Amino acid sequence: MAKTVRVKSFQLIARDIADVDVHLLHVLSIGVGWPHRPADWEFLRQVGQGIVAVDDIGRVFCSAMWFLQGEDLATIGLVITTPRAQAQGAGRWLMEEVMERCKGRNLTLNSTKAAYPLYLSLGFEKEATVFLHGGILSTLPAAARDHGLDELPTTQIEELADYDTEAFGVNRSAVLVQLSKRSVTCVLRRSDKVVGYAMRRQFGRGHVIGPIVASNDEDAILLVGWHLPALKDGYVRIDTREDTSPFAEFLTQIGLPTTSTTMTMSKGRRFLNRSDASPWVYGLAAHALN
Ligand SMILES: CC(C)(COP(=O)(O)OP(=O)(O)OC[C@H]1O[C@@H](n2cnc3c(N)ncnc32)[C@H](O)[C@@H]1OP(=O)(O)O)[C@@H](O)C(=O)NCCC(=O)NCCS
């Protein structure tokens with residue numbers, strides 16, 4: 001009896017991500033250890049577009065998504081190849097498809113270590129490290145006195161648009177409106193002017209706080225502090241590019257250490273442009289949304 005067998009290789013074809021069962025996407029992300037729930041995938045499909053690579057019986061082997069933000073930017077994310085199909089060219093093929101569909105736009109993404117060589121070879125350049133903070137929130141900081149913090153109803157989200165655009169670089173109101181529908185939003189006002197905001201929503205094993213947009217560390221800390229009592233004893237995640245700042249120290253003090261890092265990269269115009277005392281994105285909306 002023969003002791004070996006030749007397994008025929010098979011072809012993958014590209015499909016619109018909107019056309020596949022969300023549970024297949026969930027299996028894909030679970031397979032690489034990511035925390036997304038089916039509901040998280042559903043939300044991402046609502047705000048973005050994507051492609052998957054499937055075999056001839058509809059099994060999903062790879063995914064990649066892009067999110068149009070403002071007139072000339074796209075953020076890219078959810079780039080996954082299932083482990084048993086990795087290192088065979090599928091990731092590069094899907095990324096080339098995505099770049100073709102985003103032609104004419106500046107691109108940005110947050111790269112894992114596994115994907116870094118791929119993005120470098122596609123012309124992306126490194127901009128900053130992202131620190132993924134997470135943990136069970138066991139300690140609450142002393143409650144802040146009233147500093148002009150208020151809950152903002154979804155119907156008033158447009159109030160944040162100008163302030164957010166200054167921080168993010170392009171007007172991403174459409175994404176913010178969708179985010180706000182599944183978030184609790186806290187706004188910080190001084191003299192009736194918006195000077196910061198932060199949203200929290202369910203994600204993965206618990207909650208994510210993001211976006212967090214403020215003009216200084218103190219205000220960013222106030223905004224996060226407003227959300228914390230509702231999250232006590234649950235898993236909380238915050239993705240930030242702050243490294244040794246008071247904001248980053250605060251996260252560690254409340255029991256949210258850095259669990260891993262990724263790298264913000266861009267192709268085309270530089271994405272991150274911080275200037276003193278201007279609004280700044282302290283917490284990412286989502287890894288794929290930036
Ligand atoms: C990153 C990832 C999507 C790459 O997908 P893939 O289908 O394996 O990618 P490809 O086979 O097209 O390889 C692309 C490049 O990655 C690199 N690469 C892929 N597998 C590698 C391996 N095992 N060791 C070293 N380099 C490897 C090579 O540089 C390759 O370049 P080449 O075309 O010049 O050989 C995949 O590893 C993955 O899903 N990882 C887990 C999830 C993740 O980190 N996603 C990225 C989010 S930003």
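Guide: Domain bounds, to start with, come from an automatic or database domain assignment. For this protein that assignment gives domain 1 (13-104) and domain 2 (133-283). You're looking at a predicted model, where local features need pLDDT of at least 70, side-chain atom pairs count only at pLDDT 80 or more, and totals for chains, interfaces and linings use all residues. Residues are numbered from 1 along each chain as its sequence is written, and side-chain values use heavy atoms, leaving out hydrogens and water.

Visitor: What makes up the contact between domain 1 and domain 2?

Guide: Contact means heavy atoms within 4.5 Å, and 13 residues from domain 1 and 16 residues from domain 2 take part. The domain centres, taken over C-alpha atoms, are 26 Å apart.

Visitor: How much area do the two domains bury between them?

Guide: About 1,300 Å², with 63% of it on carbon and sulfur atoms. That's the accessible area (1.4 Å probe) that two parts lose on being put together, summed over both.

Visitor: Why is the meeting of Asp-72 and Arg-269 called a salt bridge?

Guide: The term asks for a side-chain nitrogen of Lys or Arg within 4 Å of a carboxyl oxygen of Asp or Glu. Here the N to O distance is 2.7 Å, so the pair qualifies. Between domain 1 and domain 2, the count is one salt bridge.

Visitor: How do helix 7 and helix 8 pack, and at what angle?

Guide: Helices are DSSP runs (H or I, at least four residues), strands likewise (E, at least two), numbered from the N terminus. Helix 7 (residues 217-227) and helix 8 (residues 246-253) pack at about 30°, axes 9 Å apart. Axes are lines fitted to C-alpha atoms over the stretch in contact, and angles run from 0 to 180 degrees between N-to-C directions. Under 35 degrees counts as roughly parallel, over 145 as roughly antiparallel, 65 to 115 as roughly perpendicular and the rest as oblique. So helix 7 is roughly parallel to helix 8. Asp-217, Ala-220, Ile-221 and Val-224 of helix 7 touch Pro-246, Phe-247 and Phe-250 of helix 8.

Visitor: What makes the peptide bond from Gly-210 to Pro-211 cis or trans?

Guide: Its omega is near 0°, and the bond is cis. Pro-211 lies in strand 10 (residues 206-214).
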